[in-house]
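Reader: Walk me through the helix geometry here. I want each label set against its criterion.

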Amino acid sequence: PCLMCLCSPVAEKTGKVLGEFCQCYKEQYGVALFNSVRYEIEGNGGPQAQLLHRKVPLEDHVIYSGNLFQYIEENKKWRNRFCVVPHNYGLILYENKLAYERELPPRVLINSAGYKILTSVDQYLELVNSSLPGVTPKSGHSPILKCPTDFPLVLWHPYARHYYFCVMTGKEQEKWRAVFQDCVRHCNNGISEDSKVEAPAFTDAVRMYRQSKEQYGTWDMLCGNETQVLSNLVMEELLPELRTTIGPRLKGKAQERQRTWIQISDAVYRMVYEQTKAQYDAVMAKCEQERPQMESTIRTDMDQIITSKEHLASKIRGFVLPKAEVCVRNHVQPYISSILEALMTPTSQGFAEVREVFFKEVTDMNMNIVNEGGLEKLAEYMEKLSHLAFHPVKMQSCYEKMDQLKLEGLQQRFDVSSTSVFKQRAQIHMRQQMDDAVYTFETLLHQDLGKQPGKDDLCKSIQRILERVLKKYDYDSSTVRKKFFREALLQITIPFLLKKLAPTCKGELAKFQELIFEDFASFILVENTYEEVVLQSVMKDIMQAVKEAAVQRKHNLYRDSMVMHNSDPNLHLLGEGIPIDWGEEYSGQPEAEPAADKRRRAKQVVSMIQDDEGVLPYELQPSSPEPREPEEPDPGAPPSSPDGVEKIREALAKESLQDSVEAEEQLTNADVPSGASVQHAAPASPKPRADAPSEARAPHGTPPSPAPGAETPSPSVGMACHQLSDKETGKEVAPPGGKCSPPQPMGTTESGEGVQTEF
């Protein structure tokens with residue numbers, strides 16, 4: 001089907017969905033602004049955290065880099081790629097390591113929000129077969145994808161293009177899977193909670209919009225930045241319509257129809273994304289323009305607005321509360337303890353594992369200092385320890401505890417589509433608590449080193465500080481988990497109650513609108529007040545259940561009455577100081593490393609995999625960063641059967657002969673130029689984030705970032721570092737021109753002529 005033919009209906013549907021959403025957003029913006037100003041004035045602080053919080057955790061660091069094979073759909077070949085995962089967790093694929101070191105443009109930039117990591121071709125084929133009902137390859141026919149090794153890694157998305165990788169060993173697959181999952185977890189967490197108005201306004205608007213379509217409960221595709229989430233919202237409605245109209249018109253064998261459908265879905269997603277960004281940016285700008293006047297009204301009339309809202313709430317409460325309490329008593333209360341226990345067990349095991357990993361790493365470091373001695377060794381170990389929370393492999397034992405989370409029958413009863421939202425939320429808390437513990441330990445140890453202790457005193461200090469930090473961790477961990485349990489219980493039960501009460505209550509809410517003064521209508525909404533009343537009906541039971549769990553000392557939770565007095569009154573002042581550079585202060589190097597060399601050797605959090613015999617020889621053909629001629633697929637070859645399988649195996653057997661030629665291609669443990677630095681992917685979560693690095697500045701002579709799927713001439717070897725597109729971070733560059741031109745469903749280009757930019 002012609003993509004041009006889809007342009008008009010796609011734009012029309014997108015405009016309709018966004019029009020309704022933007023109306024919800026404007027309404028929620030006023031409510032969120034009022035709540036923010038009220039919180040600022042009244043304050044409502046909870047328990048004070050005992051651990052310090054690091055502001056910029058991964059500045060000048062790379063999470064991981066290494067080689068793996070990628071399947072190129074355009075010529076049906078498997079190619080070796082050098083993949084870099086910078087501090088913002090984008091996936092950046094280069095032609096090879098040499099191209100990376102010479103600062104040539106990358107082949108592909110991927111923002112992994114919304115993707116799932118699959119480690120078997122069967123898993124992938126099952127999802128592909130279900131994406132286009134009625135189209136399944138017959139038994140014995142070649143599937144849509146074949147993998148040349150037993151260790152595939154597939155990035156699958158319900159709407160966007162898919163990415164196919166493979167590695168040579170199970171150990172590599174395990175490490176890359178942990179790295180990819182960390183990327184997905186971070187990019188999914190894309191809505192910045194630093195904005196106390198825009199973030200709640202947006203998430204509440206999404207919820208209200210979906211409830212207006214009778215869609216209650218958790219939503220798996222609330223992931224990525226705002227534009228990505230809205231694109232998912234549009235595609236959720238648009239894709240079934242496209243499948244109905246386009247599916248029967250697809251021609252060819254089953255696997256060809258599947259491949260065509262994936263390309264069409266990706267192209268439509270890009271069209272939706274560009275339109276969504278433009279429309280959402282426009283409504284954001286309008287709200288920002290009106291904000292000063294709205295805020296002035298709120299501050300002037302705060303008491304009157306509060307009085308008006310309380311009057312409205314009392315009237316709605318009288319109407320709704322009796323029905324809500326019956327519903328809670330019959331359908332929710334009996335199951336709260338079961339839901340809480342199901343949440344507590346894996347979550348608390350995960351946090352206990354965080355504690356254990358932290359304890360083990362510090363204890364091992366202390367033992368090594370006893371055996372090896374010296375501040376130089378301390379600096380070396382502290383450099384590694386300082387980024388423990390961002391080491392996907394070492395943190396994997398903590399994260400995988402959440403895989404045990406099962407709500408069983410409760411999931412169906414409360415219409416919870418998936419537990420993934422709770423798993424991911426808990427994992428993000430684990431990472432944050434680990435980094436807080438490490439940073440607090442670093443800060444206290446750095447302060448103690450000012451006394452210039454000897455080796456024995458240093459080891460005693462490390463042990464003493466470790467014990468102090470673990471006590472602080474236990475307290476903060478309990479606070480974070482109790483908050484997480486309360487929020488999760490509300491996320492599960494409130495949509496269920498709203499759906500149950502809708503037939504008898506929803507239609508009657510309009511009559512309460514007259515109770516709101518017109519001047520305050522932007523800050524008080526009947527629908528929001530109604531939800532607050534429903535929340536109050538179940539909140540008491542939820543608070544009581546969590547409190548009882550704490551009183552019984554279940555899972556090492558502290559009672560609410562347990563307040564840890566600040567034994568380190570000056571600790572938070574220490575945390576405000578200049579970040580500690582262990583290598584520079586204690587490495588004992590006589591001269592500072594030249595800036596250029598330091599930039600080229602950005603520290604890497606995860607080390608490379610080394611085989612027993614050394615680094616695996618990966619290159620399939622002589623690699624050259626120079627532009628190449630296009631390699632066309634063999635027209636006679638069956639499209640579903642990648643012809644690179646035997647060539648990979650043959651090339652790997654011959655690779656040992658090329659060691660001298662490719663010595664500079666050998667994988668080492670870092671060597672990353674600053675050219676890998678990209679702008680931060682929009683953080684996201686119901687929690688504020690403090691790990692957003694400052695924006696990287698484009699070097700002189702950098703070409704503008706291409707729109708999705710666009711091709712740009714590949715520069716010569718001597719070109720300045722290519723500035724990575726904002727697409728990779730989810731902060732999109734507006735497309736040139738305003739005309740609707742359907743993007744091409746293209747991936748990586750093997751002609752050396754362009755860069756596939758992903759959003």
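Author: Start with α8. A straight helix of 71 residues would span 105 Å at 1.5 Å a residue, but α8 spans only 64 Å between its end C-alpha atoms. The expected span is 1.5 Å times one less than the number of residues. Helices are DSSP runs of H or I, at least four residues, numbered from the N terminus. The model is predicted: local features need pLDDT of at least 70, side-chain atom pairs need 80 or more, and totals for chains, interfaces and linings use all residues. Residues are numbered from 1 along each chain as its sequence is written, and side-chain values use heavy atoms, without hydrogens and water.

Reader: What makes valine 332 in α8 a kink?

Author: The angle there is about 50 degrees, shortly before proline 334. A bend is the angle between axes fitted to the seven residues ending at a residue and the seven starting there.

Reader: How do you know what α7 spans, against the expected value?

Author: Helix α7 (residues 254-300) has 47 residues and reaches 66 Å from first C-alpha to last, close to the expected 69 Å. Yet α7 bends by about 45 degrees at arginine 291, and proline 292 follows within four residues.

Reader: Why is α4 called roughly perpendicular to α10?

Author: Helix α4 (residues 170-188) and helix α10 (residues 392-399) pack at about 75 degrees, with axes 9 Å apart. Roughly perpendicular covers 65 to 115 degrees; under 35 is roughly parallel, over 145 roughly antiparallel, the rest oblique. Therefore α4 counts as roughly perpendicular to α10. Axes are lines fitted to C-alpha atoms, for helices over the stretch in contact, and angles run from 0 to 180 degrees between N-to-C directions.

Reader: Which residues of α4 and α10 meet?

Author: Among them are Lys175, Arg177 and Asp182 in α4, and Pro392 and Tyr399 in α10. Contact means heavy atoms within 4.5 Å.

Reader: Why is α10 called oblique to α12?

Author: α10 and helix α12 (residues 420-449) pack at about 125 degrees, with axes 10 Å apart. That angle makes α10 oblique to α12. Met395, Cys398 and Tyr399 in α10 meet Gln427, Met430, Arg431 and Met434 in α12.

Definitions and conventions. Helices (H or I, at least four residues) and strands (E, at least two) are DSSP runs, numbered from the N terminus.
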